[in-house]
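The stops below are given in the order in which to select them.

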Amino acid sequence: MADSKSAKLLVEGKEIELPILSPTAGPDVLDIRKLYGQADVFTYDPGFTSTASCDSTITYIDGDKGELWYRGYPIEQLAAKSHYLEVCYLLLYGELPTEDQMKDFETRVTRHTMVHEQMHNFFRGFRRDAHPMATMVGVVGAMSAFYHDSTDISDPLQREIASVRLIAKLPTIAAMAYKYSIGQPFVYPRNDLDYAANFLHMCFAVPAEPYHVDPALARAMDRIFTLHADHEQNASTSTVRLAGSSGANPFACIAAGIACLWGPAHGGANQACLEMLREIGTVDRIPEYIAKAKDKNDPFRLMGFGHRVYKNFDPRAKVMKESADEVLDLLGVHNNPTLQVAKELERIALEDEYFVSKKLYPNVDFYSGIILEAMGFPTSMFTPIFALSRTVGWISQWKEMIGDPQNKIGRPRQLYVGADKRDYVDLGKR
Ligand code: CMC
C-alpha cells in the first residue's frame, strides 16, 4: 500500500489533502482518517457502499469481472482442486499447507468435533420447533460458558484453540440443532470420516441402522462449504469484526455473525429462495412474480438474484450451478416441480430487460438451495449450513483484526436529523 498519491478536498474554502492508498488489486482508497480532525466534517455512507472499513489480506472480490480469490487463489481453482479443510487452513494461515501441516491441522480439527456433554442439556432447553438458526445463535454464544480456557483474546494460543474449536464444532452444533428439531437423538461425530462426510453422517444417520455416506454427495457438500468459506467484508463478517473490536470473546463474536447472517437479504436468502420457488409452484405463474419483482410499490424481490458487489455474475453461482447439475443427476432428480420453476425463472430473468439492465444475476443462494433440498435437507437447515461454512471466514477475519496493531473499537458516526435541543415538558402539560 503506497500512499504517494493524494486527493484534494475543498471544505468550505479550506483545502484538505487526503492520501490515496493503493491496494494489491481493486480500486484505490481515499484515506479519510484525519478528515474530521482537519475539517470538522464526517463522511456519510449508509450501507457502506463506498467505504473500506479495514485493510485485509484474506479475500478479494472483483464485482465487475465476477472474480473471487481466497488469499490470491481463484475460487474456481479451489473448488475444483482443493477441499474445505485445506481452504480453512489457507484462510486462517495465509498459505496452502504442506502435507505435514495439512495432516496436523486435520488431526487438530478432528479431535475437537465433539461438544461438551453438558451442552446436550443446554440444547434441551429449546423448543423442538425452534428454527435451527435460533438454536445456533444461542448455542454458539453459550460456547464461551463452556470453554473458558479459550476466551482470553490477548493470548495467541487461546485464540488459536478457539479458532479450531469453532471450525470443528460448528458442524456438530448445526447437526444437533437439526436432530433436535425433528425429535431424533443426537449423532456423535465420527473421526474416521472427512469434514463434509461427517456432517452428513451427523445429520442423516440414526442409531437404528447403518448409514453410508455417498462420497459424491460428500464432495458436493464439501464444495458448498468451500464456496461459502469467506466473502470479504459482508454484513455478517463486518458484524463479527465490530463485535470483536470491543474485545468480546470469539464465541460471542461468531454468535453475532450468525445472527446477522440469518436475515433474508444475506444468508437467509437460500431458505427464502427455495420457499419462493415453492410458492410460485408452476412455471405458468413465473410472469406474475417477475411483475411483482419489477413493481416499485411491491416490496417483493426475487430471492437468489442480485448482489451488492457482483454486477456481472457471481463466480460462486457458476460453480454451484455445475454442482447442482451433478447432484441432481446423481440423485435422479429431473422432474421435480421446484427445479423446473428454478430453471425457467433463471432463463426468463437472464433475458428480461429489468434484470439485465440492473445487472441482477442468480447468486450463490439460488443454486445452493436446490442442491441442499435434493440432498434431503429441510429449508430451515440451509442458513445453518451457510453459517458453519462461513465460520472459518469470520474467525480468520477476527484473528486478522485482533493481530492488527491499528485495531480500534469500531465506532461509526451519524448524520443526526432528529429534534433540535428542547426543554422537557411536564406530563400534565403535554
Ligand atoms: N429482485 C428484484 N429487484 C431487485 C433485486 C431482486 N432480487 N435486487 C435488487 N433489485 C433492484 C432494486 O429494487 C433496486 O432497484 P432501483 O434501482 O430501481 O431502486 C436495484 O435493483 C438495486 O438494488 P439495491 O437494493 O440498491 O442493491 P443492494 O446492493 O443494496 O442489494 C441485495 C443487494 C443482495 C441485498 C439485493 O439484490 C437483494 O435483496 N437480493 C435478494 C436477496 C438475496 O438473494 N440475497 C443473497 C445475496 S448472496 C449471499 C450473501 O452474500 O449473503
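Start with Tyr354 and the ligand: a polar atom in the side chain of Tyr354 sits 3.2 Å from a ligand nitrogen atom. Of the accessible area that the ligand has on its own, 950 Å², the protein covers 76%. Keep in mind that this is a predicted model.

Next, select Ala265. Here the backbone supplies the atom: an N or O atom of the Ala265 backbone is 3.1 Å from a nitrogen atom of the ligand. Then move to Arg301, where an N or O atom of the side chain lies 2.9 Å from an oxygen atom of the ligand.

Now widen the selection to the shell around the ligand. Which residues come nearest? Among the 21 residues around the ligand, these are His266, Lys296, Leu302, Arg308 and Lys358. Colour the shell by class to see nine nonpolar, six polar and six charged residues. Colour by domain instead, and at least three shell residues belong to domain 2 (93–266 + 381–388) and at least three to domain 3 (268–375).

Is Glu346 buried or exposed? Its relative accessible area is 11%, so Glu346 counts as buried, the cut-off being under 20%. To view its surroundings, show Phe305, Lys321, Pro362, Phe366 and Tyr367: Glu346 is in contact with these residues when neighbours within four places in sequence are left aside.

Technical notes
Residues numbered from 1 in each chain as written. Predicted model: local features only at pLDDT ≥ 70, side-chain atom pairs only at ≥ 80, totals over all residues. Heavy atoms only, no water. Buried < 20%, exposed > 50% of the residue type's maximum accessible area, 1.4 Å probe, protein only. Contact = heavy atoms within 4.5 Å. Near = heavy atom within 4 Å. Polar contact = N/O pair within 3.5 Å; in protein donor to acceptor, adjacent residues only side chain to side chain. Areas by Shrake-Rupley, 256 points an atom, 1.4 Å probe, with all protein chains shown as cover. Nonpolar A, V, L, I, M, F, W, Y, C, P; charged D, E, K, R; others polar. Domains from an automatic or database assignment.
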